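Please read it alongside the sequence and coordinates shown here.

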Amino acid sequence: MAELKSNLPQGTLDLLILKAVAFDPVHGYAIAQRLEQVSRGVVQVPEGSLYPALHRLENRGLLAADWKKTDTGREAKFYRLTRKGRKQLEAEAAGWQRLTEAIGLILGMADGGAQ
Amino acid sequence: MNWWSRLWRRKRMEEQLEKELRFHLDQHAGDLMEHGHSVAEAQREARLALGGPEQVKEKCRDARGTRWAEELIQDTRYALRSFRQRPGFVAVTLLVLALGIGATTVMFAVINSVLLKPLPFPEPDRIVVVHGFDEHFGEFWGFSYPDFLDVSHASRSLALAAWTYGGGTISAPGKPEYVDGRLISAELFATLGVVPECGRAFRRDEDRPGAAPVAMISYALWQRRFAGERSAVGKRLIYDGKTYVITGVAPAGFQLSGEADVFTPLGRSTDLRMQNRGARFIQVVARLARGITLTQAQAEVTLISRHLARQYPASNAGLSLRLHPLLQDVVKDVRGTLWLLLSAVGVVLLIACVNIAGLFLTRAISRERELAMRVALGAGRGRLVRQCITESGVLGLCGGLLGIFAAAVSVRPFITFWPHGLPRADEIHIDWRVLCFAAGVSVLCGLFFGLTPALRVPMHGLEQALRAGGRTISGRSQRMQAAFVVSEITLAFVLLIAAGMLVHTLLALSVLNPGFNAHNVLTGRFALSPKTLANPSAIRAAWQDVLDRARRLPGVEFAALADIIPMREGENVLMYRATPNPLPPYQEPFALASSVSPDYLKVMGIPLLEGRFFTEFDREGTAPVVVIDENLAQHAFGQRAVVGKRLWIPDMGPAPVQIVGVVGHVRHWGLAGDDQSRVHDQMYYPFAQVPVPLLHFFSSVMSITLRTRTSPLSIVEPLQRELRGASGDQALYEVRSMERLVSASLDQQRFLSLLFGIFAALALLLACVGLYGVIAYLTAQRTSEFGVRMAIGASVRDIMRLVLWHSLKMAIAGVAAGIVAALAAGRMLQHVVEGMRPVNVETVAVMIALLMTSALLASFVPARRASLIDPATTLRQE
């Protein structure tokens with residue numbers, strides 16, 4: 001299983017966090033869970049970096065946080081996307097999309113060249 | 001949340017962080033337990049996944065962006081805690097800093113308001129003064145009225161306005177009072193851009209001969225006599241015996257070379273000099289036209305003056321005009337002194353800072369081990385440097401705050417101390433520029449004495465520092481401490497030389513003979529009753545009556561009249577020659593001419609060297625006579641025996657006047673200024689021979705002088721009562737004892753000697769404290785070395801000599817380094833201070849001796865302590 005996991009490229013953690021909180025307010029542990037589940041275990045969030053990243057995004061005004069009760073009745077810090085955060089997410093996601101396509105093309109071309 | 005509120009709610013944020021991470025761990029552990037892990041195993045697993053909670057927290061704190069501020073608070077707290085451990089050190093440092101920064105701030109506040117801030121007029125940099133300039137005599141302020149009209153008419157680049165001094169008795173409304181006045185041209189207020197408080201300034205048609213008499217009054221007079229009522233405009237004012245209609249009130253604080261209460265139009269003055277192109281008694285200010293530079297305007301007036309010189313060669317040949325910005329003209333007498341004092345104060349502050357830096361350095365050396373330990377434990381170098389600087393910065397800022405407080409309290413008293421009044425004194429305030437200056441200086445001071453210890457934070461050779469720290473010191477830091485002390489001594493030496501020269505000058509000047517006997521002499525300007533001024537014979541009778549009444553007062557020995565008084569403002573300089581034929585232009589000699597009554601010589605105690613002085617028989621109608629001083633006799637005839645010879649004085653008419661006596665020279669221009677003055681020759685002529693047309697003018701400038709048997713100031717009141725006159729409207733004003741005038745002529749020198757004396761004493765004290773500190777520290781470091789020396793046979797005296805020689809070497813180095821700067825400071829003083837003597841060997845020798853003695857005294861205690869070491873004890877400690 002270990003070899004199936006990928007290292008997160010630099011700077012992508014912020015993008016993934018933004019995406020993970022885009023649907024509904026969610027707490028830190030759930031963000032980690034969500035990312036892991038959605039990527040089918042390929043992406044494993046380094047939990048030590050998750051909270052500093054959350055705090056950084058909150059300071060930059062991309063995320064907002066409220067203390068709310070969970071289903072189990074405990075208080076947790078729920079993060080949600082701000083308007084500024086949504087814009088950032090769209091811009092970064094589009095950028096990422098373009099980049100991966102471009103990289104895919106380049107890699108495809110290399111195969112074509114060998115034929 | 002901005003960073004400030006994040007910083008403010010630090011504690012709550014810490015709690016929330018803890019709660020958030022705990023929730024994460026519990027949640028994770030809960031999930032793991034659902035998958036069948038045991039409680040302990042799940043908790044362990046969860047913690048491993050998250051990583052060290054403290055590290056995560058630290059990273060989260062970094063993410064907050066308030067790190068630097070938190071550390072600043074931490075460092076400040078640490079600094080305050082460490083100050084509390086050393087209250088003595090902190091108190092002394094703060095006191096020294098507060099004094100240094102306070103004094104510097106006071107000087108800067110004065111310079112800021114007097115020299116740097118623009119004058120309180122609209123577009124003040126466009127206002128200029130116009131001076132006459134003569135190739136032979138240099139620059140002078142005077143203008144003649146015909147020249148003013150011509151230049152004013154011809155100039156396109158300047159709007160000119162003229163004024164001159166006046167004054168008279170106001171007899172109604174209210175009781176009679178002599179006031180200063182100014183005669184002004186109609187354009188003056190508009191040129192300066194000054195708007196009257198109420199009413200209006202003069203119109204052009206009121207500023208010409210024969211116009212109806214109108215006057216403006218000062219704000220102070222308006223308050224005093226009209227209770228500040230607007231209805232004052234249009235009321236009558238009886239001034240100098242004539243009735244004027246008040247057109248307006250000048251704004252509060254309006255000055256023309258000093259305060260005046262009544263302004264009248266210059267153009268309708270009946271003064272005979274108004275028609276005389278050679279009578280230069282008018283001052284001219286002007287405003288540059290829009291888009292015209294000073295250079296362009298200067299070029300234009302140069303052309304105009306050349307034209308006038310061609311047209312009126314008798315009066316204007318060789319005469320040109322010079323323009324200067326008004327501000328420069330207003331402050332030219334104090335500019336040098338102010339900068340000089342600021343630099344002196346700055347030097348004291350610098351010494352104080354070096355001193356404190358030395359103390360900080362000593363402490364840093366003893367803390368070297370602590371710092372090395374912290375670096376070894378992982379503290380960043382930047383963090384430690386910041387901490388050192390925070391500590392000194394906090395001290396600097398506290399000192400600065402105290403300094404600003406001290407400056408705010410002392411700036412007013414300082415200004416009143418200024419001899420002969422500081423121009424623009426009422427504009428001096430502590431404003432934001434001064435506050436910025438003080439804050440900047442405090443921060444610089446803080447950085448200055450924090451930087452040296454901060455740069456000593458060890459980076460390499462930690463092991464060595466840890467092992468040796470605090471016990472042995474490197475040659476580098478020893479040299480550094482010595483350099484600090486040497487530079488303190490250098491700066492102190494410069495101030496000592498300056499103070500020594502000033503005191504030397506003051507002593508040399510104060511033993512000069514003024515040329516008269518100032519003891520028990522009273523002088524005062526006097527205004528006759530305006531009623532008598534219309535009639536020449538009434539004027540003469542009135543003056544005679546004044547003299548007779550004064551002489552009859554108990555305590556009065558002699559009484560005399562004089563138009564100019566030695567060492568007081570006011571002068572009359574006349575051209576003379578010893579032959580009937582005119583000399584080539586610019587070679588005519590000038591003499592100070594004084595119109596006096598016969599007893600003047602006895603009142604002043606001026607020695608009669610040859611011939612006689614005036615008597616009652618030298619009066620109108622008899623042969624005109626003069627008495628000259630020894631300088632004029634020597635200059636004109638090359639000898640003293642000149643009684644019976646004649647002088648030609650164009651201003652007194654074409655006929656020669658006869659010399660009847662020679663008297664001693666009087667230092668008219670002050671004890672300090674007389675030797676450098678341009679006019680060295682003096683002459684006296686009888687007031688009784690002043691021609692009738694000039695009598696009215698002369699009466700407005702005459703003073704009375706009295707020789708008394710008792711203290712002269714004790715008879716001022718009976719004198720005033722006695723001389724009030726039949727109608728009670730005669731006034732005695734500007735009453736001074738001659739002793740006060742003589743002493744006032746050295747006020748600047750005395751003031752600077754006192755200030756520099758204080759600065760030099762402070763500097764010497766600080767340098768000695770610094771020297772003591774370093775010597776004490778170094779000898780303490782060398783205890784074991786001295787122990788060894790004594791063990792192998794050095795005597796107590798040897799050790800003492802060793803230590804004293806060490807301190808003397810630093811003093812000598814300081815003097816050697818300072819001698820050039822001290823000579824330069826002496827040059828500067830000679831430019832600024834009137835009568836300043838050049839640097840002399842005696843002063844330098846005395847100051848070097850003083851410095852060396854102080855250095856030896858300062859190091860005596862440490863030397864003694866070093867010599868009392870018990871070699872056995874110190875060697876055992878090793």
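Chain A contains four helices and three strands, where helices (H or I, at least four residues) and strands (E, at least two) are DSSP runs numbered from the N terminus. Along the sequence, these elements of chain A follow the pattern α-β-α-α-β-β-α. This is a predicted model, in which local features need pLDDT of at least 70 and side-chain atom pairs count only at pLDDT 80 or more, while totals for chains, interfaces and linings use all residues. Residues are numbered from 1 along each chain as its sequence is written, and chains are lettered from A and ligands numbered from 1 in the order in which they are written.

Of the 115 residues of chain A, 24% count as buried, a residue being buried if 20 or more other C-beta atoms lie within 10 Å of its own, exposed if 12 or fewer, and partly exposed in between, with C-beta atoms placed from the backbone. Among the contacts of chain A between residues at least 6 apart in sequence, 48% join residues at least 24 apart; two residues are in contact if their C-beta atoms, placed from the backbone, lie within 7 Å.

Between the chains, 17 residues of chain B are in contact with 12 residues of chain A. On the chain B side, the elements that give two or more residues are helix 2 (10-34), helix 3 (39-50) and helix 4 (53-64), and helix 2 of chain B gives the most, with seven residues. The residues on this side of chain B divide into seven nonpolar, seven polar and three charged, where Ala, Val, Leu, Ile, Met, Phe, Trp, Tyr, Cys and Pro count as nonpolar, Asp, Glu, Lys and Arg as charged, and the others, Gly among them, as polar.

| Helix pair in chain B | Angle | Axes apart |
|---|---|---|
| Helix 7 (residues 145-154) and helix 10 (residues 294-311) | about 130 degrees | 10 Å |
| Helix 27 (residues 796-832) and helix 28 (residues 841-867) | about 145 degrees | 8 Å |
| Helix 25 (residues 747-781) and helix 28 | about 20 degrees | 9 Å |

Helix 25 of chain B is roughly parallel to helix 28 of chain B, since angles under 35 degrees count as roughly parallel, over 145 as roughly antiparallel, 65 to 115 as roughly perpendicular and the rest as oblique. In this pair, L764(B), C768(B) and Y772(B) are among the residues of helix 25 of chain B that meet helix 28 of chain B, whose side includes S854(B), A858(B) and R865(B). By class, the contact of helix 25 with helix 28 of chain B has 10 nonpolar, three polar and one charged residues, and that of helix 27 with helix 28 of chain B has 16 nonpolar, three polar and one charged residues.

The largest nonpolar core has 219 residues, and those with the most contacts inside it are V348(B), L495(B), I497(B) and A763(B); a nonpolar core is a set of buried Ala, Val, Leu, Ile, Met, Phe, Trp, Tyr and Cys residues joined through C-beta atoms within 7 Å. Not counting residues up to four places away in sequence, A763(B) touches V347(B), V348(B), I351(B), L491(B), A492(B) and L495(B).

Notes:
Axes fitted to C-alpha atoms, helices over the stretch in contact; angles between N-to-C directions.
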